[in-house]
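Subject: the two-chain model

Hi,

Here is the structure I promised to pass on. Have a look at it first, and then read my notes below.

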Protein chains: 2
Amino acid sequence: MKLYSYWRSSTAYRARIALNLKGLEYEIVPVHLLRDGGEHRKADYMALNPQGILPTLEDGGVALTQSLAIMEYLDETHPTPPLLPADAVGRARVRAFCQAIACEIHPLTNLRVLKHLVSVVGQGEEEKLAWYRHWTGEGLKGLEAMAAGSGAFVHGDSPTMADICLVPQMYNARRFNIDLTPYPTLVRIDETCRALDAFAAAAPEAQPDAGT
Amino acid sequence: MKLYSYWRSSTAYRARIALNLKGLEYEIVPVHLLRDGGEHRKADYMALNPQGILPTLEDGGVALTQSLAIMEYLDETHPTPPLLPADAVGRARVRAFCQAIACEIHPLTNLRVLKHLVSVVGQGEEEKLAWYRHWTGEGLKGLEAMAAGSGAFVHGDSPTMADICLVPQMYNARRFNIDLTPYPTLVRIDETCRALDAFAAAAPEAQPDAGT
């Protein structure tokens, strides 16, 4: 398998953790989001991923897009260890937690939106950061409430897709100096996860294109 | 089952279509997004849905949130008719299509973000509409490419979660007068779907709280 990835892309980070938890071999193909107007907007990449975003996973000649869909695909094609609970209500809870990140926080705070806020809307650096902090704070508040009563991980005794989405989101929050003290459950689960090899090896700083 | 819904909420619209396609009985509990500062931000609703957003589905005393997670739950607990294809690659394609709407278009163009753009960022009405058109256009362009080669529906011969996400997105685009001529495949599939009873009965104008 080939994963088109950028070290700081949090959606590629999700896919990397999932691949590592499954113990799968994969080749990283770096796609630089900033260089040369963005390698993800070039025709050859968009032929694989018509939205022109990361990540894309190539498996047996098929190009798969959208990180949550990729995780579901990996879980279906390589069921062990499972990334979702065994019961329908548990699976709904884990998926809702993922979507609270992937549909509510990340879309408002990713690179293309921050660039648009500056170059089209005309926001300054401080206003851009205020936007970032507002939507991240709103989102983390909801997640902390959703995680109430969680054990070592968001759901059950082993990592699920919920933890896979949480860790990159917390990485981004730290990078933008968001005060995390109101979210003790999230902080604790994030630390537990990052101590695991599968998460550590997926971290931005551990990537072949780190720092580029 | 009880669905907490607002007639114009496109995420509630998705859940309504899914419930109708499954032929399930459910009670609509209207939650007004504009009245009295937003009924979705009141403590009693947020006890069910800590994010304070629509929809919530109550089933057997359990509150389920996030429309895509709700659709997956309904598909697992009531498998007929299926809302996902039978093969893993097909399911990945359908889920990616859903997420291209739910993670890329809708989060940037929903009511709370448009309100924030005006009241916090200080954008005027025309600039707000430009923002709306920009992100909807970017998103529909990607979707049209993803739908290339589709038959009557986005995937296969019957509606899937992809069609369920598409129809409310197209409703929103029409409501904001987006030019849809660049997206002939999406327009065709949307029309095919809306002719079906399950989609028609879920439309905003067919809801008990329509026009409120």
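Let me start with Glu125(B), which lies in helix α7 of chain B. (Helices are DSSP runs of H or I with at least four residues, strands are runs of E with at least two, and both are numbered from the N terminus.) Glu125(B) is exposed, because it has 8 other C-beta atoms within 10 Å. The scale behind that word: 20 or more other C-beta atoms within 10 Å of a residue's own means buried, 12 or fewer means exposed, and anything in between is partly exposed, with C-beta atoms placed from the backbone. Glu125(B) and Ala88(B) are 37 residues apart in sequence, yet 44 Å apart in space, C-alpha to C-alpha.

Some bookkeeping before the rest. This is a predicted model, in which local features need pLDDT of at least 70 and side-chain atom pairs count only at pLDDT 80 or more, while totals for chains, interfaces and linings use all residues. Residues are numbered from 1 along each chain as its sequence is written, and chains are lettered from A and ligands numbered from 1 in the order in which they are written.

**How the two chains sit together**

Chain B can be laid on chain A by a turn of 180° with a shift of 0.0 Å along the axis, and the RMSD is then 0.0 Å. The two copies are thus related as by a two-fold rotation axis. (The superposition is by least squares on the C-alpha atoms of residues with pLDDT of at least 70 in both copies.) Which residue of chain B comes closest to the rotation axis? That is Cys103(B), with its C-alpha at 2.2 Å.

The contact takes 31 residues from chain B and 31 residues from chain A. Here, two residues are in contact if their C-beta atoms, placed from the backbone, lie within 7 Å. On the side of chain B that touches chain A, the elements giving two or more residues are β4 (62-65), α3 (67-77), α4 (88-102), α5 (106-109) and α7 (125-146). α4(B) gives the most to that side, with nine residues. By type, the residues on this side of chain B divide into 19 nonpolar, seven polar and five charged. (Nonpolar covers Ala, Val, Leu, Ile, Met, Phe, Trp, Tyr, Cys and Pro; charged covers Asp, Glu, Lys and Arg; the others, Gly among them, are polar.) Also, 100% of the interface residues of chain B are interface residues in chain A too, so the copies meet through the same surface.

**The sheet in chain B**

Four strands make an open sheet in the order β2-β1-β3-β4, with mixed pairing. β2 (27-30) and β4 of chain B stand at the edges with a single partner strand each, so one side of each is left without a neighbour in the sheet. (Two strands pair if DSSP finds at least two bridges between them.)

Strand β1 (residues 2-5) of chain B pairs with β3(B) in the antiparallel sense over three bridges, and Leu3(B) stands opposite Leu57(B) in β3(B). Strand β3 (residues 56-59) of chain B pairs with β4(B), also in the antiparallel sense, over four bridges. There, the bridge partner of Asp59(B) is Val62(B) in β4(B). β3(B) and β4(B) form a hairpin with two residues between them, and Gly60(B) in the turn has a positive phi of about 55°.

- The peptide bond from Leu54(B) to Pro55(B) is cis, with omega near -10°; Pro55(B) is found in the loop between α2 (43-48) and β3 of chain B.
- Another cis peptide bond joins Thr80(B) and Pro81(B), with omega about -10°, and Pro81(B) has its place in the loop between α3 and α4 of chain B.
- Gln66(B) has phi near 70°, a positive value in a residue other than glycine. Gln66(B) lies in the loop between β4 and α3 of chain B. Is Gln66(B) buried or exposed? Gln66(B) is buried, with 30 other C-beta atoms within 10 Å.
- Asn177(B) is not a glycine either, but has a positive phi of about 55°. Asn177(B) is found in the loop between α8 (161-175) and α9 (184-194) of chain B and counts as exposed, with 10 C-beta neighbours inside 10 Å.

Cheers

Definitions and conventions:
Least-squares fit on C-alpha atoms with pLDDT ≥ 70 in both.
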